[in-house]
Amino acid sequence: MIATDDPDLLPPPRRSLYQRYEALILGGSAVILALLVWEALWEAGRISPLFFTGPSQVVERFGAEWTEGRLKQDMLYSGRNFVVGVGLAISSGVVLGVVIGWYRRLAMIVEPFLTALYSTPRVALIPLVLIWFGIGMWSKVFIVFINAFFPVLINTIGGVRAIDRDLLRAARSFCASDSQIFTTVVVPGSVPFILTGVRQAVSLGLIGVVVGEMFGGSEGIGYMVNYGGQTFQTDTVFLGVVIIAFAGIVLTWLAERLERHFSRWRPER
Amino acid sequence: MSLAVADGEFVAIVGPSGCGKTTLLNIIAGLLTYDDGSVSIDGAAIRGPGVNRAVVFQHPSLLPWRTIAGNVRYGMELQKRFDDAAMRERTDGFITLVGLAGFERHYPSELSGGMQQRVNLARALASDPAVLLMDEPFAALDAQTREHMQLELLKIWSQARKTVIFITHQINEAIYLADRVAVMSPRPGRIKGVFAVPFDRPRPLALKRDPRFLEIEDAIWRTVEEQPDRLGIGGTS
């Protein structure tokens with residue numbers, strides 16, 4: 001190939017500021033426009049506060065709840081349950097996933113149980129969780145856990161199974177012990193898969209937090225949304241939804257960053 | 001079959017695909033067990049992989065999440081025969097020897113197939129084996145890279161002076177590289193003949209067109225072809 005024909009060797013074409021940030025500019029403008037229209041309709045009194053609310057009302061509600069209400073405690077409560085539940089899910093999911101992925105016979109034995117549990121909508125188990133753990137913190141944590149556990153487990157198993165046999169053979173040829181093979185080939189090779197599981201666990205764990213708090217208990221953002229709905233405080237419901245959505249965006253973004261950071265060695269996908 | 005390889009000797013084993021060359025190499029490497037017969041190094045029977053052997057695989061088999069330096073280090077790291085300073089020194093030395101100085105921090109996916117095979121070779125050499133086992137290491141490379149790598153391998157071998165067992169299905173590659181060429185036949189896998197290669201070293205690539213070279217190549221071809229159960233080379237197996 002002649003060097004100048006190689007697109008990799010040509011200097012990158014000059015791109016304007018707009019071209020570089022096209023997605024951000026278009027997407028951002030659309031969001032701002034939608035908010036403006038919504039706010040205008042709200043200000044014009046076209047929206048019934050019983051069924052809907054306006055952006056400024058949500059902001060106002062946020063200020064009030066933050067300074068006078070118990071928003072901070074609720075966020076802390078939900079946040080802690082999320083962190084504990086997802087943390088437990090990731091640590092146990094990775095360990096069990098590596099073991100199940102490595103030992104084929106063990107996989108055959110536990111697979112039916114996993115498939116059954118995995119296919120059951122986790123919400124259906126909530127009454128059972130309440131019987132076991134009551135309505136306190138640990139039932140919430142457990143609901144987060146069962147939501148977040150399976151994506152980590154399933155992805156880790158997949159990652160271990162996708163390990164290149166050639167790499168195992170190379171390690172063995174250099175007299176690698178089983179534990180060396182685990183730490184130098186199996187675990188690092190599974191990391192990108194594990195992180196895909198973590199990303200899914202984060203979003204499913206968030207669902208778990210909210211759903212768990214809607215069933216019994218009297219704390220947390222999920223409870224706040226539920227209570228707001230029952231008492232026709234539409235703006236409180238909106239505030240809760242916005243907070244959850246924001247947490248989801250930030251957490252997913254962080255998980256994606258992490259995933260990309262640890263997948264640097266992979267060829268361009 | 002029986003084959004003895006002397007210390008410091010470069011022996012190539014040729015034969016059609018499926019004749020068991022790779023199986024033989026894997027047995028010597030200790031990656032496969034054998035039912036009968038005996039395989040030994042310096043009188044000690046082979047029971048599994050050992051630090052006196054290192055394999056250069058047909059596929060580079062590099063850890064994609066490790067840099068080039070990390071991969072060259074890998075074999076030494078597993079075997080724990082060198083302290084950290086020695087490992088670092090050997091890593092640098094062998095990366096330079098295979099001509100990859102400056103690529104230490106690159107990842108394998110950023111390298112061409114030929115360069116990845118150099119890393120594969122450096123990793124094997126760095127672990128300081130007595131015997132280097134090479135399993136068609138250049139088979140996946142294009143013809144030009146392949147010739148270049150053959151030349152390089154001889155240069156490296158003249159410095160590192162290891163016993164080499166080199167598996168290939170290319171007869172001229174075997175003659176060009178080796179002191180002796182063993183011809184293997186399939187079903188049952190056995191050695192049909194061993195040819196000594198008389199050429200002095202260093203050997204220029206032009207040697208491949210020398211009449212004496214072609215004569216040996218011809219003789220080996222005839223030995224390969226006179227197998228009763230085959231209709232010639234390159235068939236399915």
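**Entry 1: between the chains.** I started with salt bridges across the interface of chain A and chain B, and the rule finds 0 of them there. A reminder to myself: this is a predicted model.

So what is at that interface? I looked up the contacts next: 19 residues of chain A touch 27 residues of chain B. Then I checked the area. Interface size is often quoted as the accessible area that is lost when the parts come together. Here about 1,900 Å² is buried between chain A and chain B, and carbon and sulfur atoms give 68% of it. Which residues of chain A lose the most area to chain B? I found A:Arg169, A:Phe174 and A:Trp265, which together make up 38% of what that side buries.

**Entry 2: salt bridges elsewhere.** I widened the search to the whole structure and got 21 salt bridges over all chains. I picked one to look at: A:Asp235 pairs with A:Arg61, with the closest N and O atoms 4.0 Å apart.

**Entry 3: two helices in chain B.** How do helix 3 (residues 84–97) and helix 4 (residues 113–126) of chain B cross? I read off that their axes come within 9 Å and cross at roughly 140°. That angle makes helix 3 of chain B oblique to helix 4 of chain B, because only angles over 145 degrees count as roughly antiparallel. I also noted that the crossing of these two helices is right-handed.

Then I listed who meets whom. From helix 3 of chain B come B:Arg90, B:Phe94 and B:Leu97, and they meet B:Ala122, B:Leu125 and B:Ala126 of helix 4. Sorted by type, the residues of this contact are 5 nonpolar, no polar and 1 charged.

Entry 4: Most residues other than glycine have a negative phi, and most peptide bonds are trans. I went looking for exceptions. The peptide bond from B:Arg201 to B:Pro202 is cis, with omega near 0°. I placed B:Pro202 in the loop between strand 8 (190–196) and helix 7 (211–225) of chain B.

B:Glu136 went on my list too: its phi is near 40°, a positive value in a residue that isn't glycine. I found B:Glu136 in a loop as well, between strand 5 (131–135) and helix 5 (143–160) of chain B.

Definitions and conventions: Residues numbered from 1 in each chain as written. Chains lettered and ligands numbered in written order. Predicted model: local features only at pLDDT ≥ 70, side-chain atom pairs only at ≥ 80, totals over all residues. Heavy atoms only, no water. Axes fitted to C-alpha atoms, helices over the stretch in contact; angles between N-to-C directions. Helix = DSSP H or I, 4+ residues; strand = E, 2+ residues; numbered from the N terminus. Parallel < 35°, antiparallel > 145°, perpendicular 65-115°, else oblique. Left-handed = near helix turned anticlockwise from the far one by under 90°. Contact = heavy atoms within 4.5 Å. Nonpolar A, V, L, I, M, F, W, Y, C, P; charged D, E, K, R; others polar. Buried area = accessible area lost by both parts, 1.4 Å probe. Salt bridge = Lys/Arg side-chain N within 4 Å of Asp/Glu carboxyl O.
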